[in-house]
Each structure stands twice: as C-alpha cells, then as structure tokens.
Amino acid sequence: MLDWEHIFATRSSRMKASEIRELLKLLEQPDIISFAGGIPDPALFPDEEFKQAYSDIFSGPQVNAALQYSVSEGYKPLRDWLAGEMGKIGIECTAENVFIVSGSQQGLDYLGKLFLSPKDTALVTWPTYLGALSAFNAYEPNYDQLNPGGNRTPATYRDNAAKLGGSVKFAYLSADFSNPTGETVDLEGRKKLLELADELDIAVIEDAAYQSLRYDGEPVPPIMSLDIARSGGIEKTRTIYCGSFSKTLAPGLRVGWIVASTPVIRKLVLMKQAADLHSSTINQLAIEHVASRGFDKQVAKVKAAYSARRDAMLAALEKYMPEGTRWTKPEGGMFIWLTLPEGMDGAALLAKSIATEKVAFVPGRAFYADGSGANTLRISFSCANEAMIEEGMKRLGRLIAAAQVNELTNETIAAI
Ligand code: PMP
C-alpha cells in the first residue's frame with residue numbers, strides 16, 4: 001500500500017478519527033442503551049410538511065429553478081424569511097446579511113478558513129463543541145481557554161498567542177445550552193465577552209445551533225443582538241451568528257445560515273463559490289416552504305418532547321447517581337454534562353460499560369482542546385424515552401459506583 005502520509009498536506013495530520021469514535025462503534029449493539037448520540041429524534045421530523053413541500057415544488061412553476069444552479073448567497077425568499085426571524089430576537093438585518101450554508105458545520109469550516117492562518121489562536125470554551133475543533137483544526141491553529149465572564153486579561157491572551165507565533169483571531173462559543181455541557185452563558189458573561197473581543201479586536205462566533213430550544217427560564221439575548229444594540233447596527237458588529245435548521249426541522253437537508261456584516265458575508269460568498277458553488281437549491285426551497293408555514297408550531301412540538309425527556313433524565317440522575325457525581329441542569333438543548341469524582345476516567349468507564357452495564361455515553365476529554373477533562377462525560381436525552389432513561393441512569397449509576405469502589409480498592413492497595 002502507498003505510504004500517503006508524506007504526500008498529504010501537513011494540515012491533514014490533525015484530522016484524526018478519535019479513539020472514542022472507535023469505542024462508540026462497539027456500542028452499536030441492540031442490548032446497549034445509548035445516550036451517546038446528540039441527534040434529533042426522527043419521530044419529531046415534520047415529514048408530512050416536507051412531503052407537501054416537495055410535492056408543491058415539483059408540481060408548480062418553481063420546479064426548473066429548484067433543480068437548477070443558484071446563487072452562492074442562498075435562496076432569496078429563505079434569506080428574507082430568516083432576516084425577519086432574526087429581527088424578532090434583536091438581530092436587525094436584511095437578506096444582505098444572511099448567507100446560507102450546507103449545515104452550520106460548513107459555516108464553521110468557512111470561518112476557520114477565513115480567519116485562521118497556521119499558528120493563530122482561537123479562543124474556545126473548555127469544553128467546546130467537538131465539531132468546531134475538528135473544523136478549525138484543519139487550519140492549524142492554537143487554542144486558548146475562553147471563560148466568558150472570567151477575569152483573564154486581554155494582555156494574557158495576546159501574549160500567549162504571540163509566544164505561539166500568531167495572534168488571537170476569534171472567540172467561538174455555543175452560548176445557549178451548549179454542546180456538550182447544556183449550559184448557557186448569562187447576560188453579564190456575554191457583555192464581558194464583547195468587551196474582551198473589543199480589547200483584543202477579534203471576531204466573536206456565536207454558535208446558535210440550540211438557541212431556539214429553550215424549555216424554561218428567561219431567554220438571554222443573543223450575543224449578536226447585544227453587539228448590535230451597543231454598536232448601533234449590524235454593519236458595525238464583530239459578531240458572526242451561526243444558525244441551524246438541524247435541531248428544529250431536520251438535519252438531512254443540510255441547511256443552515258450565517259448572519260454577519262456585509263464585508264464578512266462577501267468573503268464567505270467567495271469561499272462558497274470555490275467550495276460548492278451553493279447549498280442545495282431544492283432543499284433551500286423546501287426549508288423555506290416548511291419554515292414560512294409553520295416554524296413556530298414545529299419548534300413548540302420539538303420543545304415539548306425534549307423538555308419532558310430532560311425532566312425525566314434529571315429526575316433519574318437525582319435518584320441513581322452515587323455521591324460525588326455532579327451534573328448540569330440545562331434549561332434547553334439536548335445535553336447533560338456529568339463530572340465524575342476526581343481521578344475517575346470517562347473513557348475507561350465507557351470501556352467497562354461495554355463489558356458490564358451496557359450503557360453508552362461520550363467521555364468528555366475529546367471536547368477539551370487541551371486534552372483535559374478526563375473525569376467528565378456527556379449524555380443526551382434527545383432520542384431517549386422515559387423507560388430507557390430510567391433503566392439507563394440506573395445502569396450508569398451502578399457503573400460509576402462500581403468504578404468508585406474499584407478505585408478505592410486500588411488506592412488502598414497502592415498505599416500498602
Ligand atoms: N454547532 C453545534 C454546537 C452542534 O452541536 C452541531 C451539530 N451537532 C452543529 C453546530 C452542526 O450542525 P449542522 O451542521 O447540522 O447545522
């Protein structure tokens with residue numbers, strides 16, 4: 001077999017399948033209860049609405065346009081509709097500020113490409129969305145820890161980046177019900193983040209993939225809306241907002257969007273021309289058809305189902321987790337984040353689970369840009385029913401409790 005490694009570009013060396021992905025493959029067995037995935041429940045997809053949309057498109061005058069190449073910015077009626085939706089959450093903009101991508105994941109790749117030269121620094125939360133790290137990794141950046149609301153000075157960030165041979169280019173975060181922790185950055189944290197971004201003169205990438213899935217508590221204004229309010233208009237903002245239809249309508253159509261000031265949009269359009277010309281025309285038409293007729297109703301349906309599952313999971317955690325285990329109490333989204341007793345390893349626990357309790361979760365370390373976080377794990381409630389949650393949390397509790405006992409025994413042995 002050819003030795004490809006020396007032919008591949010250096011950037012490809014950071015594109016690796018994680019060991020966790022390999023472990024999770026072993027868990028795709030029928031007797032496993034899995035909370036590892038973070039995908040929407042297909043039972044909630046608006047399939048009838050999409051059937052109607054495609055049928056209307058194919059039987060109407062739009063069919064030729066739907067099957068044809070289209071503009072790189074995206075389908076104008078969809079961008080108009082999105083501009084209206086954004087206005088409702090304080091992001092006053094026009095279709096000129098909205099750019100359609102093939103899933104917000106593509107947006108993250110483009111933003112990495114647009115901002116990061118090798119050795120530049122991206123600020124990300126510890127932990128952060130794994131897909132964002134994968135997207136940015138291809139551009140060979142360094143990472144530094146973003147702690148919205150924290151007290152690290154701009155000079156520290158600047159000096160760290162300079163020592164590593166580049167400069168800080170953006171702060172990336174999923175501020176609402178984040179993947180993986182389910183936590184939300186409060187208003188104070190968002191304001192402080194914008195101040196930090198001002199002082200560093202960097203972009204802020206607001207990943208809003210879960211923003212519309214709030215089940216309780218008061219909505220916190222999007223970072224971009226705060227940026228618009230203080231700067232006096234979208235053209236003066238440094239925030240780049242990434243939206244997605246994947247968690248509300250359906251991920252298979254691969255339609256997401258970016259909202260930004262026009263100089264950023266213009267660059268993204270050039271990138272898209274080079275990458276894939278435009279996102280699927282027909283899928284954009286179908287999304288516009290479904291969203292403009294019943295987006296709010298669909299969001300309400302999805303929220304009702306997920307919030308009941310979240311409640312069931314929080315109740316089961318309370319019931320079954322042993323002393324020393326902590327978890328987040330998300331007000332929305334799809335994830336709960338567990339912190340295991342110090343010294344326990346999430347990946348080792350998953351390996352044990354394959355042999356014993358057969359419950360699947362994602363060990364937390366992969367979400368940390370610095371490889372820390374070994375004693376954490378992510379569980380998702382989005383595709384689980386209440387019986388699964390009850391049984392699964394019982395198993396997980398037993399698994400953690402057994403690991404605690406083993407660790408104690410090992411410690412005792414080591415001390416002797
Ligand atoms: N951001 C976050 C935080 C996510 O969890 C996901 C999907 N897992 C994405 C972006 C990408 O979503 P999509 O490309 O389907 O819009």
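Colleagues, the model before you is a prediction: local features need pLDDT of at least 70, side-chain atom pairs count only at pLDDT 80 or more, and totals for chains, interfaces and linings use all residues. Residues are numbered from 1 along each chain as its sequence is written, and side-chain values use heavy atoms, with hydrogens and water left out.

I begin with the chain as a whole. Its secondary structure comprises 13 helices and 13 strands, taken as DSSP runs numbered from the N terminus (helices H or I, at least four residues; strands E, at least two). The radius of gyration is 22 Å, close to the 22 Å from the globule rule for 416 residues, so the protein chain is as compact as a globular protein of that length. That radius is taken over C-alpha atoms, and the rule is 2.2 Å times the number of residues to the power 0.38. Along the principal axes, the C-alpha trace spans about 75 × 55 × 55 Å.

Of the 416 residues, 54% count as buried, where buried means under 20% relative accessible area, exposed over 50%, and partly exposed in between (1.4 Å probe, protein chains only). Of the contacts between residues at least 6 apart in sequence, 75% join residues at least 24 apart; a contact means heavy atoms within 4.5 Å.

I turn now to the aromatic residues. The structure holds twelve aromatic pairs. Rings of Phe, Tyr and Trp (its six-membered ring) pair if their centres lie within 6.5 Å; planes under 30 degrees apart are stacked, over 60 edge-to-face, and the rest tilted. Trp81 and Phe295 are edge-to-face, because their ring centres lie 5.4 Å apart with the planes at 80°. Trp81 belongs to helix α4 (residues 76-88) and Phe295 to helix α11 (residues 281-320), so this pair ties together parts 214 residues apart in sequence. Trp81 is buried at 17% relative accessibility, and Phe295 is buried at 10%.

Phe115 and Phe170 also form an edge-to-face pair, 6.0 Å centre to centre with 75° between the planes. Here helix α5 (residues 104-115) supplies Phe115 and strand β5 (residues 168-173) supplies Phe170, so the pair ties together parts 55 residues apart in sequence. Phe115 is buried at 19% relative accessibility, and Phe170 is buried at 0%.

Thr121 is buried, with a relative accessible area of 1%. Beyond residues up to four places away in sequence, Thr121 touches several residues, among them Leu116, Tyr143, Ala161 and Phe170.
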